[in-house]
Amino acid sequence: MAEIDSSQGGGKKGGKVRSKKASTKVDMTPMVDLAFLLITFFMLATTLSKPQAMQLNMPDKNNKQDPPKLKESESMTLIIGEKNKLYYYTSIEKPELFVTNYGAKGARALFNEGNKLHPGKFTIVVKPMPKSSYKNMVDMVDELNLTESRFAILDITPQEMQLVWQKEGLIPQNP
Amino acid sequence: MAKKGINKKSISLDMTAMCDMAFLLLTFFILTAKMKAAEPVQVEIPSSQPAEKVPEQGLIRITLAPDGRIFFGLSEFANRKEVLKQLNESKKIGLSADDLDALASEETIGMPVEDLKEYASLSPEERGDFLQEGIPADSANNELQYWITYAKSTNPNYKFGIKADQKTDYEHYNKVIRSLQELRYNKFSLITSLEQ
């Protein structure tokens, strides 16, 4: 224990003076415990709370050139719906919506499959619906970055909104 | 260090040195810890896979509340003041030098320019209760573009960080992105937390 020798030195150099009085000892153990606890807290609080930055590049809208044409077979349109729903279609001529999900067997499998069939060329067009949540979009971009897919985020068209509503049974199917 | 007792054997450790060191480190961590600036709105950011760290400096931080209100934040006091000064001149808000100082002391602001004068006149304690309505970013009245343009003029190297709540609708986020794209800024960072 830490101790403070309160006895008189008695002038003897280096002599071991054994005091008859009780020495004033302070038990430092709890204090050290507390200090380390606080150190741990501050260390973790300062280093672990650093937020992450996800880079996102958008296509230039002011660019007068036509956007690069995509081959229908090498592209896929993904619609982020409301309430964590996810849809996709591949055929532009006769679009038919399929439902998928955010899991490893859903969107990620689709991306991997496309990348395998058309390496370096497969492009995913992401179109979030106006009322879809920001979290879903971030999840999707994350997934696309993870599978190293080429993608672009574009505005949804009214036709596509209609497709989603038809799929959900909110408006009747076209004859 | 065990001390060989002359009459009694006691296992005692001298904790003084350890205690000294522990408190030294504690002091260091307390002093280097940066207090999180009070923000006018609580935002729950989504999580993502490990990406790069958010730079502390040189970032225009656009915060989006769950209800779509837009807040503007700059980390440097001098630049915040400069942005407000330019806004004051172009929008003719009529802020005094004291008002500018008071407003620049707030790291994050989100309200239409008409509200700035009233907000500046409040004491720092009262400001917490003031309902900030968010910066308008509609095509008819896009004040966000003014904030961004002036901030960029103080430091052209500013990058954009977008900090939005998980539950924010995409349309609100899209409004911010559209405003930025109209100004020909096509690169941004989405601020996320690390996925556990």
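**Where the two chains meet**

Across the interface of chain A and chain B, the rule finds eight residue pairs in polar contact, both residues being at pLDDT 80 or more; a polar contact is a pair of N or O atoms within 3.5 Å, where within protein one atom must be able to donate a hydrogen and the other to accept it, and where residues adjacent in sequence count only if both atoms are side-chain atoms. This is a predicted model, in which local features need pLDDT of at least 70 and side-chain atom pairs count only at pLDDT 80 or more, while totals for chains, interfaces and linings use all residues. Residues are numbered from 1 along each chain as its sequence is written, chains are lettered from A and ligands numbered from 1 in the order in which they are written, and side-chain values use heavy atoms, with hydrogens and water left out.

The side of chain A that touches chain B has, by class, 26 nonpolar, nine polar and eleven charged residues; here Ala, Val, Leu, Ile, Met, Phe, Trp, Tyr, Cys and Pro count as nonpolar, Asp, Glu, Lys and Arg as charged, and the others, Gly among them, as polar. Taken together, 46 residues of chain A are in contact with 53 residues of chain B, contact meaning heavy atoms within 4.5 Å. The two chains bury about 4700 Å² between them, and 61% of that area lies on carbon and sulfur atoms; buried area is the accessible area (1.4 Å probe) that two parts lose on being put together, summed over both. Of the area that chain A buries against chain B, A:Gln52, A:Met58 and A:Tyr134 supply 18%, more than any other three residues.

**The nonpolar core**

Which residues touch the most other members of the largest nonpolar core? Among its 60 residues they are A:Phe111, A:Met137, B:Leu116, B:Trp147, B:Ile162, B:Tyr173 and B:Leu190, and helix 3 (residues 134–146) of chain A gives the most to this core, with six residues. Such a core is a set of buried Ala, Val, Leu, Ile, Met, Phe, Trp, Tyr and Cys residues joined through side-chain atoms within 4.5 Å, and helices are DSSP runs (H or I, at least four residues) numbered from the N terminus. Leaving aside neighbours within four places in sequence, B:Ile162 is in contact with residues including A:Tyr134, B:Tyr173 and B:Leu190.

**Charged pairs**

Side chains of opposite charge can pair when their charged atoms come close. The count comes to eight salt bridges over all chains, a salt bridge being a side-chain nitrogen of Lys or Arg within 4 Å of a carboxyl oxygen of Asp or Glu.

Within chain A, the side chains of A:Glu143 and A:Arg108 meet in a salt bridge (2.3 Å, N to O). Because A:Glu143 lies in helix 3 and A:Arg108 in helix 2 (residues 104–117), the pair ties together parts that are 35 residues apart in sequence. A:Glu143 is buried, with a relative accessible area of 10%, whereas A:Arg108 is partly exposed at 30%; buried means under 20%, exposed over 50%, and partly exposed in between (1.4 Å probe, protein chains only).

In chain B, B:Lys81 forms a salt bridge with B:Asp101, the closest N and O atoms being 3.1 Å apart. Two salt bridges are found across the interface of chain A and chain B. B:Asp169 forms a salt bridge with A:Lys131, with 3.7 Å between the closest N and O atoms, and A:Lys131, B:Asp169 and B:Glu171 are linked in a network of salt bridges.

Methods:
Helix = DSSP H or I, 4+ residues; strand = E, 2+ residues; numbered from the N terminus.
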